[in-house]
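Please look over the sequence and the model shown here before reading on.

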Amino acid sequence: MTKLANLDWKTYEKRVSDGDAVILLPIGAIEQHGPHMSMNPDVLIPEAISLGVSAGLDNALVAPPIAYGYKSQVKSGGGNFFPGTTCINGKTLIDTIKDVVVALARHGNRRFVLVNGHFENSMFIVEGIDLALEHLRHEGIDARILLLSYWDFVNKDTIATVFPDGFTGWDVEHGGVLETSLMLHLHPDLVNLDKAVDHPPATFPPYDIFPSDPSWVPACGTLSSARNASAQHGKLLFDVCVNGITQSVRSELG
Ligand SMILES: [Zn+2]
């Protein structure tokens, strides 16, 4: 379990020059997550999961997370109008992903796992990967990149345990049971469950409207209640994600 940037460059060079290392790159966002939690779960959760996965692999390194993400959207992140929510535009994110992957590949790395923690990032990461691979091919470098969003590894049994009252979907989980439980497990000092606002899951029309309408979003900023969150559920969620991702990396990247 090694953070890439904590190595000196000589040690790093030795670890990666034969192309055998697996580089995990967490990608998140700085975004309000309700009055009960810090604004960095989308960064800290994929970073912790990446470190957990790296512990089960030979020669895996976790790169410093890309902390800023694409603009928070009303129906998945509460929207881009809350104080503290600090977003970058799509082309900045695409260029950042591309530049970081190309740089790491030029060091000798050929196997990457991009671990997304913020729904809105998804297609911009795809574009960054596509441009990076195209760029690298011109340099005669072939790399292989596994892209995932960690919540897709939460299986039906875990959902049934963590959401005993019924599961309303990942899109309205913003600041809800999933992220709050994981943060209670990983960083309890950054959560104060007493401040969580109990409200029914947000409901939205089957379209978006621009400019965004803040009245669509619960005033507290969460899209569902964190009331049933617990560190115990957080550990369950963490373990199922780490185990599933580790298996996928082994089967896809060898
Ligand atoms: Zn989040």
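Strand 4 (residues 111-116) and strand 5 run parallel and are joined by six bridges, where strands are DSSP runs of type E with at least two residues, helices are runs of H or I with at least four, and both are numbered from the N terminus. This is a predicted model, in which local features need pLDDT of at least 70 and side-chain atom pairs count only at pLDDT 80 or more, while totals for chains, interfaces and linings use all residues. Residues are numbered from 1 along each chain as its sequence is written, and side-chain values use heavy atoms, with hydrogens and water left out.

- Five strands form an open sheet with parallel pairing in the order 1-3-2-4-5, two strands being paired if DSSP finds at least two bridges between them.
- Strand 1 (2-3) and strand 5 (144-149) are the edge strands, and each has a single partner, so one side of each is left without a neighbour in the sheet.
- Within the pairing of strand 4 and strand 5, Arg111 stands opposite Arg144.
- Helix 8 packs on the sheet and touches strand 2 (22-27), strand 4 and strand 5, contact meaning heavy atoms within 4.5 Å.
- The direction of helix 8 makes about 160 degrees with that of strand 5, where axes are lines fitted to C-alpha atoms, for helices over the stretch in contact, and angles run from 0 to 180 degrees between N-to-C directions.

**The zinc site**
- The zinc ion has His33 (NE2), Asp42 (OD) and Glu179 (OE) as its protein donors, at 1.8 to 2.1 Å; donors are N, O and S atoms within 2.8 Å of the metal (3.2 Å for Na, K and Ca), and water is not among the atoms, so sites may look incomplete.
- Asp42 belongs to helix 2 and Glu179 to helix 7, so the pair ties together parts that are 137 residues apart in sequence.
- Asp42 and Glu179 are both buried, that is, under 20% relative accessible area, with exposed over 50% and partly exposed in between (1.4 Å probe, protein chains only).

**Helix 7**
- Eight of the 10 residues of helix 7 (residues 177-186) are buried, among them Val177, Glu179 and Leu184.
- These buried residues pack against helix 2 (41-55), helix 6 (156-162) and helix 8 (231-253).

**The cysteines**
- The structure holds zero disulfides, a disulfide being a pair of cysteine sulfur atoms within 2.5 Å.
- The sulfur of Cys87 has its closest cysteine sulfur in Cys220, 18 Å away, which is too far for a bond.
- Cys87 is partly exposed, with a relative accessible area of 23%, whereas Cys220 is buried, at 18%.
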